[in-house]
Amino acid sequence: MTETVDALAGLVAGGGVVVLSGAGLSTESGIPDYRGPSGAARRHTPMTYQVFTGDAQARRRYWARGHLGWRVIARAAPNDGHRAVARLQRGGLVDGVITQNVDGLHTAAGSPRVVELHGRLDEVVCLGCGNQTSREELDRRLREANPGFDARVAAVNPDGDVDLDDDEVARFRTVDCTFCGTGVLKPDVVFFGETVPAPRVARCFDMVQRARLLLVLGSSLTVMSGRRFVLRAAKLGIPVVIVNQGPTRGDGYAALTLDASLGRLLPALADRTVGAPAGGDVVSGAVPSGLTGVGR
């Protein structure tokens, strides 16, 4: 562990670091990942944008499962890895964070300058009129529309929904937008098959191009949404360091790859480079959110 921290600290200590984080950083907060040790992708196919918008029954199934899964996601709190990233930012070594996660935990840990590439699960958008509301408000409306709906949760998936029997789904009632009256509501996150807004992608590329080092934390880099930033850094000659449990599709571009627990490694890295926290890290508390098409 000491040699691992030393190797990473030697690269991070120069500052100018941009972090690219994935679902592996949030597993220690109780949110499973897709392809890491918890292996959720092996049992769960995430909702796609095309299915969600084109199939009313699929939307009912999504919201029924997500309504229950939200309770677990909403209780999630930042872990030691999130707090360590915030410390590295306060210490001037990390300039910004690009996260593929939609759980809001970087912000909850006190990190400034966070670009949430795939949006946030604690926000809801109407596909008809574009009106935005909070997931907390939607949760209240769904509870009112479904009194007594408290099906047994078998397992929570990385996108914040749960495994649920069809008969439970059939009795669930969805709700529409209160602003326009008829619009379909969708969590304000990027589903599989959906495009990340171009200005958001451009902002991320700008961060990477200004970086001295790109530090990937907890992402398998399986999909292009995150891997493109590794490819851009490599093309520009910007060193890439990857810390993940298991191999990634970016390993061939990395100056250093580490297989380690982020909850142990990152606090040790922060201690080594910016010093131990004086009175404990200040954390703003859990920010509800989750994942749909992120950090995979």
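Guide: Let's start with a term: buried means under 20% relative accessible area, exposed means over 50%, and partly exposed is in between, using a 1.4 Å probe and protein chains only. What you see is a predicted model, where local features need pLDDT of at least 70 and side-chain atom pairs count only at pLDDT 80 or more, while totals for chains, interfaces and linings use all residues. Residues are numbered from 1 along each chain as its sequence is written, and side-chain values use heavy atoms, with hydrogens and water left out.

Visitor: Okay, is Cys180 buried, exposed or partly exposed?

Guide: Compare the value with the two cut-offs. Cys180 has 35% relative accessibility, so Cys180 counts as partly exposed.

Visitor: How many disulfides does the structure hold?

Guide: A disulfide is a pair of cysteine sulfur atoms within 2.5 Å. For Cys180, the closest cysteine sulfur is in Cys126 at 3.8 Å, which is too far for a bond. Cys129 also has its closest cysteine sulfur in Cys126, this time at 3.7 Å, so that is too far for a bond as well. For the whole structure, the number of disulfides is 0.

Visitor: How many helices and strands are there?

Guide: Both are DSSP runs numbered from the N terminus: helices are H or I with at least four residues, and strands are E with at least two. Counted that way, the secondary structure of the protein comes to 10 helices and 9 strands.

Visitor: What is the order of the open sheet of 6 strands?

Guide: Two strands pair if DSSP finds at least two bridges between them. E8 and E9, for example, have 3 bridges in the parallel sense, with Val243 opposite Leu258 in E9. Strands E3 (114-116) and E9 (256-258) each have a single partner strand, so they stand at the edges, with one side left without a neighbour in the sheet. Read across, the parallel order is E3-E2-E1-E7-E8-E9.

Visitor: By how many degrees are neighbouring strands of this sheet turned against each other on average?

Guide: Axes are lines fitted to C-alpha atoms, for helices over the stretch in contact, and angles run from 0 to 180 degrees between N-to-C directions. For this average, direction is ignored, and the turn is 15 degrees.

Visitor: How far apart are the end C-alpha atoms of helix H9?

Guide: The expected span is 1.5 Å times one less than the number of residues. H9 (residues 224-235) has 12 residues, so it should span 16 Å; that agrees with the end-to-end distance in the model, 15 Å.

Visitor: In the sheet of 3 strands, what is the order?

Guide: E4 (residues 119-126) pairs with E5 over 3 antiparallel bridges and with E6 over 4. Val124 shows both sides: it stands opposite Thr133 in E5, and its bridge partner in E6 is Pro187. E5 (132-134) and E6 (185-189) have a single partner strand each, so they stand at the edges. The order is therefore E5-E4-E6.

Visitor: At roughly what angle do the axes of H3 and H6 cross?

Guide: Trp63, Gly66, His67, Trp70 and Arg71 in H3 (residues 56-74) meet residues of H6 (residues 135-145), including Leu138 and Leu142.

Conventions: Contact = heavy atoms within 4.5 Å.
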